[in-house]
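Visitor: Please take me through one part of this model in detail, beginning with a single residue and then moving to what surrounds it in the chain.

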Amino acid sequence: MSLKRKAANQTSAEAKKPKANGSITAFFGPPKPVSSSTMSTDPARAPVVAKFDKDKWIEGLTEEQKELLQLEIETLHESWLAHLKDEITSKEFLALKAFLKQEGASGTKIFPPMEDVYSWSRHTPLNTVKAVILGQDPYHNYNQAHGLCFSVRPPTAAPPSLKNIYIALKKDYPSFEAPPKNGGLLTPWADRGVLLLNTCLTVRAHDANSHAGKGWERFTQKVIETVNRVRTHGVVFLAWGTPAQKRVTGVNGSRHLVLKSVHPSPLSAHRGFFECGHFKKANEWLEQRYGKENGPIDWNLNVDPEDAGV
């Protein structure tokens, strides 16, 4: 499998900057419909969205729900919204959104920027998921978190854990080269079907784990359960570290592949992460499931920043 193959269907949505005071809807536009012709030829992108009338669903919301769920309505990709709509109207999720509203009203700086909280859903629609990498807390400094676990926008340098991921990847594929200028942008992976999901989706600036225990854990567990249930042809879950491994205990092992290792953090990577072989194992399994053409993931990250959604 060539690491230099051009990634197909990459989005440039994040290349655009929202206008001041512009609506999030105007910035992103409605999610693009899934092409039935594409789905029929590529089993890795099989349709997973049941009949879902988004407008009718919105009409059924209360005004308070519409206000609290504006971000989800406008930026959560419809392929995910169709399956998570009941969860986001639960009292637990609405309480989370009320908490975040209060945080914002108090002037607290939150990362990632609100328009990026659900960028994972737009880069990796549910019907495209082939692998899931689980993270924990978003980066909490400026110009780092943008909604994809382990990923940072340029010119921010790759954090230590991501550097260790590169080392492990190069052991699997010696032709792999880390992005130039010590880059850490992982949108090419997301655009190719790698769901990069954090356990918590927001954090206070400079205050690690500050939004833990507020409700994100329940929501992101529903995301994992949705992948487990809906992607019936099978995906690969890469669970690095004990917290991530606990989150995949309910995954159907006969349908999906679950790969476990220590976390790539410098504190633990030396205990077996570098030699875990997860990237090659994932591709070998995906090739068996989906074929040589549609299965393996191109792990190359040396792409034009504009093509990578920057």
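What is the relative accessible area of Asn-182?

Guide: The model is predicted, so local features need pLDDT of at least 70 and side-chain atom pairs count only at pLDDT 80 or more, while totals for chains, interfaces and linings use all residues. Residues are numbered from 1 along each chain as its sequence is written, and side-chain values use heavy atoms, without hydrogens or water. Asn-182 has a relative accessible area of 35% and is therefore partly exposed, a class that lies between buried (under 20%) and exposed (over 50%), with a 1.4 Å probe and protein chains only. Although Asn-182 is not a glycine, its phi is positive, near 60°, and its place is the loop between H9 and H10, helices being DSSP runs of H or I with at least four residues and strands runs of E with at least two, numbered from the N terminus.

Helix H9 (residues 160–172) has 13 residues, which at 1.5 Å a residue should span 18 Å, and this agrees with the 19 Å between its end C-alpha atoms; the expected span is 1.5 Å times one less than the number of residues. Within H9, the buried residues are Ser-161, Leu-162, Asn-164, Ile-165, Tyr-166, Ala-168, Leu-169 and Asp-172, and their cover includes helix H10 (187–191), strand E5 (236–240) and helix H13 (278–294), with contact meaning heavy atoms within 4.5 Å. In the loop between strand E2 (131–134) and H9 lies Pro-155, which is joined to Pro-154 by a cis peptide bond with omega about 10°.
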